[in-house]
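Here are some notes on the model, as numbered points. Please read them with the coordinates open.

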Amino acid sequence: MGDEPTGNLDKKNSEIVFAIFKELAETYHQALLIVTHDQEFAAQTHRIIEMEDGRISNGATAAGITA
């Protein structure tokens with residue numbers, strides 16, 4: 001679980017962190033829960049769950065499945 005893990009990083013270092021997260025998730029077959037406001041970072045993931053005022057407002061995935 002990560003809360004804004006790339007919030008204070010530049011684009012290059014954000015990409016490095018994302019690559020590390022992706023490798024870890026694939027290698028160990030684990031899901032990562034990442035909280036971010038970075039739309040570019042989120043767009044690279046398999047699933048995006050949006051929250052508003054503490055409630056899930058949208059749970060779209062790349063496959064079009066909703067939460």
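1. Is Glu 15 buried, partly exposed or exposed? Glu 15 is partly exposed, with a relative accessible area of 45%. Keep in mind throughout that this is a predicted model.

2. Next, the partner of Glu 15. Its side chain meets that of Lys 11 in a salt bridge, at 3.8 Å from N to O. The cut-off for a salt bridge is 4 Å, so the pair counts. Why are these two residues about one helical turn apart? Because Glu 15 and Lys 11 lie four residues apart in helix α1. Lys 11 counts as exposed, at 53% relative accessibility.

3. Lys 11 has a further partner. Glu 40 forms a salt bridge with Lys 11, and the closest N and O atoms are 2.9 Å apart. This pair links distant parts of the chain: Lys 11 sits in helix α1, Glu 40 in helix α2, and 29 residues separate them. Glu 40 is exposed, with a relative accessible area of 53%. Shared partners join Lys 11, Glu 15 and Glu 40 into one network of salt bridges. The count for the model comes to two salt bridges.

4. Now the overall layout. The protein has two helices and four strands. From the N terminus on, the order is β-α-β-α-β-β. The protein has 67 residues, and 15% of them count as buried. Take the contacts between residues at least 6 apart in sequence: 34% of these join residues at least 24 apart.

5. Which residues form a nonpolar patch on the surface? They are Ile 16, Ile 20, Leu 24 and Tyr 28, with about 390 Å² of accessible area together.

6. Leu 24 is found in helix α1, which covers residues 11-28. Its relative accessible area is 41%, so Leu 24 is partly exposed. Patch residues need over 30% relative accessible area, a cut-off stated in the definition of a patch. Leu 24, at 41%, therefore passes that cut-off.

7. Ala 31 is found in the loop between α1 and β2, the strand at 34-35. Is Ala 31 buried or exposed? Ala 31 is exposed, because its relative accessible area is 74% and the cut-off for exposed is over 50%. Phe 21 lies ten residues from Ala 31 along the chain, and their C-alpha atoms are separated by 9.6 Å.

8. The largest pocket has a volume of about 930 Å³. Of the 25 residues that line it, the closest to its centre are Leu 32, Ile 34, Thr 45, Arg 47 and Ile 48. Which elements each supply at least two residues of the lining? They are α1, β2, α2 (39-43) and β3 (50-52). Helix α1 gives the most to the lining of the largest pocket, with five residues.

Definitions and conventions: Residues numbered from 1 in each chain as written. Predicted model: local features only at pLDDT ≥ 70, side-chain atom pairs only at ≥ 80, totals over all residues. Heavy atoms only, no water. Patch = residues over 30% accessible without salt bridge, like charges linked within 9 Å, V, L, I, M, F, W, Y side chains within 5 Å. Areas by Shrake-Rupley, 256 points an atom, 1.4 Å probe, with all protein chains shown as cover. Buried < 20%, exposed > 50% of the residue type's maximum accessible area, 1.4 Å probe, protein only. Contact = heavy atoms within 4.5 Å. 1 Å grid on protein atoms, 1.4 Å probe; cavity = no way out; pocket = protein on both sides within 12 Å on 5 of 7 lines; lining within 4 Å. Points joined across faces, edges and corners; volume = space filled by probe spheres on them.
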